[in-house]
Amino acid sequence: DVERAERRYKEALAIEPAAVEAILELAQLEAALGRNDDARRTFQDALDRSEGALDVAGIYARWLVAAGHLDEARQLADDLAGPDVDTERLVERLDLERAVKRPDRALALVVELRKDETSPEARHRLAVAEGVLLSELGRTTDAVAALLSVPDTAESWRDARLRAAEILREAGRLDEARRVLAPLQGDAPPAKERVELAIGLAQIEERGGDLVKAARLLDEAAQRLAPGDDEARPRLTLARAVLEEKRGDWRAALALVDEVLRSDVGNVEALNLWGYVAADHGHEVPRALGRLQAALAFEPASGAIID
């Protein structure tokens, strides 16, 4: 109900015109409805009222890039560049450089942050960020090396391994991806992390063409979930839905996504998945459009949703 949503945002802003979060939400809704001129004005208002806050600039810049205005987004980033006096600002500038598709500059900031960081865990998280950026620059081997440099004693170890396997999978190096994930299979992490591992293993098999084995891995992971693992279950259900769609049973895929939406009506991944699968098959097109617009209102710069 986008009309009602817009009305509510404007009611909030009538009470407090400087509520930056509400202004951003309204801008995202306008962007999702294709009202780009309105969205641009509202995003700029949010940036002005936040006095050039870099986190707000990052949201605005991502929308500009998604709308095809990369040069304008980069100019915005350059206009807000200034002396970085603390770690928090460096991190925000790193995010802004990523938003405007300059991973080389973001990588330089990561190197700068690692040089001065004294906390081992923070250095490990920066190693993960470095790996992601190296991957965006096409340096697959260097990216994997950075991610695998995170020791198994670090909190970010599992995340680093999953990301390394994803990079190797996308590069078609499936055996290497399996080896990277092998050490994660011997412990008993929380349900959310077990689900991510199962999805990672299933995606490797899917990439190799064995959709049956991929489905079995996801089903086995679902059977191991406890009744209280409600936070982890939707992610697994959506992965299974994606697989069903690829196997050709799009109706089964939509039914699985509906399970998630019944308990989490604002799940962006579910809204987008249902919308594009339904639209692709000419099924309930008005509802598909509404769900895609809702997803885009939550994440206005998502290339997957826009596509």
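This is a predicted model: local features need pLDDT of at least 70, side-chain atom pairs count only at pLDDT 80 or more; totals for chains, interfaces and linings use all residues.
Let's start with helix α5, which covers residues 70-79. Which residues of α5 are buried? They are Ala73, Leu76 and Ala77. If you look down the axis of α5, those buried residues sit within an arc of 95°, so they line one face of the helix. The spacing makes sense if you remember your helix geometry: an α-helix has 3.6 residues a turn, so residues three or four places apart point the same way. Over on the other side of α5, you'll find Asp71 and Asp79, and those are exposed. And what do the buried residues of α5 pack against? Three helices: α3 (36-49), α4 (54-66) and α6 (87-99).

You'll find Ala81 in the loop between α5 and α6. With a relative accessible area of 46%, Ala81 is partly exposed; the cut-off for exposed is over 50%.

Next, His124. This one is in helix α8, residues 120-136. Buried or exposed? The relative accessibility of His124 is 18%, so it counts as buried, given that buried means under 20%. Who are its partners, if we skip the neighbours within four places in sequence? His124 is in contact with Val150, Pro151, Ala154 and Ser156.

Now for the helix pairs. Take α11, residues 174-181, and α12, residues 191-207. Their axes come within 10 Å and cross at roughly 165°, so α11 and α12 are roughly antiparallel to each other. That crossing is left-handed. On the α11 side, the residues involved are Leu174, Ala177, Arg178 and Leu181, and they meet Leu197, Gly200, Leu201, Ile204, Glu205 and Arg207 in α12. Sorted by class, this contact has six nonpolar, one polar and three charged residues.

Helix α12 has another partner to show you, and that's α14. Again the axes come within 10 Å, but here α12 and α14 cross at roughly 15°. At that angle, α12 and α14 are therefore roughly parallel to each other. The crossing of α12 and α14 is left-handed. From α12 we have Val195, Glu196, Ile199 and Glu206, meeting Arg235, Leu236, Ala239, Leu243 and Lys246 in α14. How many charged residues does this contact have? Four, alongside five nonpolar and no polar ones.

Last stop, still on α14, which runs over residues 233-246: Thr237 is in this helix. Thr237 counts as buried because its relative accessibility is 14%. Setting aside neighbours within four places in sequence, Thr237 is in contact with Leu256, Glu259 and Val260.

So, to recap the helix pairs: α12 is roughly antiparallel to α11 and roughly parallel to α14. That's what I had, thanks everyone.

Notes. Residues are numbered from 1 along each chain as its sequence is written. Side-chain values use heavy atoms; hydrogens and water are left out. Buried means under 20% relative accessible area, exposed over 50%, partly exposed in between (1.4 Å probe, protein chains only). Helices (H or I, at least four residues) and strands (E, at least two) are DSSP runs, numbered from the N terminus. The arc is that of the directions from the helix axis to the C-beta atoms. Contact means heavy atoms within 4.5 Å. Axes are lines fitted to C-alpha atoms, for helices over the stretch in contact, and angles run from 0 to 180 degrees between N-to-C directions. Angles under 35 degrees count as roughly parallel, over 145 as roughly antiparallel, 65 to 115 as roughly perpendicular and the rest as oblique. A crossing is left-handed if the near helix is turned anticlockwise from the far one by less than a right angle, and right-handed if clockwise. Ala, Val, Leu, Ile, Met, Phe, Trp, Tyr, Cys and Pro count as nonpolar, Asp, Glu, Lys and Arg as charged, and the others, Gly among them, as polar.
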